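Here are my notes for your first look through this model. Keep the picture open while you read, and take the points in order.

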Amino acid sequence: MFMAQVNFRMKDDRLALIDRAAAIRGVTRTEFVLRSSEAAAIETLNERPVIALDAEAYSSFVAALDAPVEPNNRLRELFGRQPLWER
């Protein structure tokens, strides 16, 4: 199995910080960096959930987005306000 390699440079104080944290966790520097970056990647990806729809549900969704908005009292009130930048 091929394993990719990542190389980067950092200042000594940042490396020392990572080494201290890795020692507390009882893992190598590499393992600490891999675990930390993987956790950050998962967190970032989870901030943008993916919604999967079948063709019929997608068509309904797009139709709802394309449908004109039915005016209601709240919408009329909103459009009747003076914008903040004009106050």
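1. Helices H1 and H2 are roughly perpendicular to each other, a label used for angles of 65 to 115 degrees. Their axes cross at roughly 95° and come within 9 Å. Those axes are lines fitted to C-alpha atoms over the stretch in contact, with angles running from 0 to 180 degrees between N-to-C directions. H1 covers residues 12-25 and H2 covers residues 29-46; helices here are DSSP runs (H or I) of at least four residues, numbered from the N terminus.

2. A word on the source: this is a predicted model, where local features need pLDDT of at least 70 and side-chain atom pairs count only at pLDDT 80 or more, while totals for chains, interfaces and linings use all residues. Residues are numbered from 1 along each chain as its sequence is written, and side-chain values use heavy atoms, leaving out hydrogens and water.

3. Which residues in H1 meet H2? They are Leu15, Ile18, Asp19, Ala21, Ala22 and Arg25, and their partners in H2 are Arg29, Phe32 and Val33; contact means heavy atoms within 4.5 Å.

4. Now find Asp19 and Arg29, which form a salt bridge with their closest N and O atoms 2.7 Å apart. The term needs a side-chain nitrogen of Lys or Arg within 4 Å of a carboxyl oxygen of Asp or Glu. Asp19 sits in H1 and Arg29 in H2, so this pair ties together parts 10 residues apart in sequence. Asp19 is partly exposed at 28% relative accessible area, and Arg29 is partly exposed at 40% (buried is under 20%, exposed over 50%, partly exposed in between, with a 1.4 Å probe and protein chains only).

5. The count comes to three salt bridges. Glu31 pairs with Arg35 at 2.9 Å between the closest N and O atoms; these two are four residues apart in H2, about one helical turn. Arg81 pairs with Glu77 at 3.3 Å.

6. Finally, zoom out. The protein chain has four helices and zero strands. Its radius of gyration, taken over C-alpha atoms, is 25 Å, well over the 12 Å that the globule rule gives for 87 residues, so the chain is more spread out than a compact globule. That rule is 2.2 Å times the number of residues to the power 0.38. Buried residues make up 5% of the 87.

Technical notes. Angles under 35 degrees count as roughly parallel, over 145 as roughly antiparallel, 65 to 115 as roughly perpendicular and the rest as oblique.
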